[in-house]
Amino acid sequence: MKKILFVHNNFPAQFLHLARTLARNSDVKLAAIGSQTAQQLAGVKLLKYAIGDGDVAATHPFARRFDLECRRAEQVLYAASNLAQSGFTPDIVLAHPGWGEALPLRAMFPKAHLVVYCEFFYRTENSDLGFDHEFPQSGIDGNVRVRLKNAATLLALAECDRAISPTAWQRSTFPKEFQSKIDLIHEGIDVDAAKPDPRATFRLPSGRVLTRDDEVVTFVSRCFEPLRGFHIFMRALPRIMAERPKAEILFIGGNGLPYGLAPPAGTTWQSVFLNEVSSEVDRSRIHFAGHVPHGNYLHALQVSSAHVYFTYPFVLSWSLLEAMSTGCLVIGSDTAPVREVLDERNGIIVPFFEPDVLADAVIGALARPSRFKTHRTRARETVLARFDAKRVCLPQAFAFLGLAKEAKEMALAADLAVTEPI
């Protein structure tokens, strides 16, 4: 019986489909280590750790992140020691290195096959930093701090046996000398849930119900922020709403901790950019639904007439793939992560910094929906071929981990239902 250990601050996170599927296999025993935000999965022994705030005032500013990562690593070490004392010594360890959790794993489990998940490598050029000159980052000191964010990841890459990355662009952010260690395996999405449904409906907070007969422009982001192009879309809205007087603008997401720059104190990016255009738009047709159950979120995509997905050069969102899988007409930013999956055959690509061009694309999509029927079909075909969790991604992961026997049957029997809100 193989024993597999997952280590992730927010377990299950990217390991959800893999862990849930493996838990159904009686020949595999699973455990996980995560912080207090980690969630229990059936069939997985979960050990949670906690770290104090820690006083890093005396630590050099360049080293403060690594200091906190070492404190976290210490707690992971304690949890791993408890796991070993209980008789669980893993054959395979899968870890996300981004918070320092991988630091003690090689020393603790020297014989285990150590795999790290390479999500993103921080850079000062050709990446999110410095991409948007409207929101400049700090100078040389800031650039040094950005590079030092990679310290724990570099140590993990040096010590691991293999690594995986979900997209080619994300893998390309890592140093070339490590890229040969990194296999390209996406965690996949549930294409059987994220599929077109002409009968779908979405109930707005006001109680009104939207259907495919309505003109619905959708925008989804965990946090509305410049890094995901929220400001560009908001600045395109006055023209879109003026020229399409029946268009309803539907936002799914919220105002949590942004991946990128924080908003000015006492504000949210939503309030900042809504205030910027408030006198030029019909607020009654702009709907912020907040975080909604995953099924409701899919209904929003299924009624969408045009779906806008923008991002800096950064981690590609699952929401883009789910939108394509539901047959959305995606209007995406001309940035490298998007270009990897979206092109002129299966969607619409527009420059990131030109709200008028984005407005033209949305207006055209709403005015001539039949013209883009083939684009919608090809969008789903793209996801089916490359990102289907059951039929493509999970079998790839099983083979990579040496669990290829009956991999197809295991994957097809998987329960991929997601209940977390979007």
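Here are some notes on the packing and ring contacts in this predicted model.

1. Let's start with the main core. The largest nonpolar core holds 44 residues, and Phe-233, Leu-237, Ile-249, Phe-251, Ile-331 and Leu-358 have the most contacts inside it. Strands S10 (216-223), S11 (248-254), S13 (306-309) and S15 (348-350) each give two or more residues to this core, as do helices H8 (230-243), H9 (269-277) and H13 (355-367). H8 supplies the largest share, with 8 residues.

2. Leu-237 is worth a click. Not counting residues up to four places away in sequence, Leu-237 touches Ile-249, Phe-251, Val-281 and Ile-286. Elsewhere, there is a second, separate core of 33 residues, and Val-191, Val-292, Met-324 and Cys-328 are among them.

3. Next, have a look at Ser-333, in strand S14 (residues 330-333). Is Ser-333 buried or exposed? Its relative accessibility is 0%, so Ser-333 counts as buried. A polar atom of the Ser-333 side chain lies 3.2 Å from the backbone nitrogen of Thr-311. Leaving aside neighbours within four places in sequence, Ser-333 is in contact with Tyr-309, Phe-310, Thr-311, Val-338, Ile-349, Val-350 and Phe-352.

4. On to the aromatics: the structure holds 28 aromatic pairs. One of them is Phe-120 with Trp-169, a tilted pair at 6.2 Å centre to centre with 35° between the planes. This pair links distant parts of the chain, 49 residues apart: Phe-120 sits in the loop between strand S5 (113-117) and helix H4 (140-148), and Trp-169 in helix H6 (residues 168-172). Phe-120 is buried, with a relative accessible area of 10%, and Trp-169 counts as buried at 11% relative accessibility.

5. Phe-131 and Phe-353 make another tilted pair, 5.0 Å centre to centre and with 35° between the planes. Phe-131 lies in the loop between S5 and H4, and Phe-353 in the loop between S15 and H13, so the pair ties together parts 222 residues apart in sequence. Phe-353 has 41% relative accessibility and therefore counts as partly exposed.

6. Ring pairs link Phe-135, Phe-219, Phe-224, Phe-230, Phe-233, Phe-251, Trp-269, Phe-273 and Phe-288.

7. Finally, two lysines over rings. The charged end of Lys-3 sits over the ring of Phe-88, 5.8 Å from the ring centre. Lys-149 lies over the face of Tyr-122, at 4.7 Å from the ring centre.

Key:
Residues numbered from 1 in each chain as written. Predicted model: local features only at pLDDT ≥ 70, side-chain atom pairs only at ≥ 80, totals over all residues. Heavy atoms only, no water. Core = buried A, V, L, I, M, F, W, Y, C linked by side-chain atoms within 4.5 Å. Buried < 20%, exposed > 50% of the residue type's maximum accessible area, 1.4 Å probe, protein only. Helix = DSSP H or I, 4+ residues; strand = E, 2+ residues; numbered from the N terminus. Contact = heavy atoms within 4.5 Å. Polar contact = N/O pair within 3.5 Å; in protein donor to acceptor, adjacent residues only side chain to side chain. Phe/Tyr/Trp six-rings, centres within 6.5 Å; stacked < 30°, edge-to-face > 60°. Lys NZ or Arg CZ within 6 Å of the ring centre and 35° of its normal.
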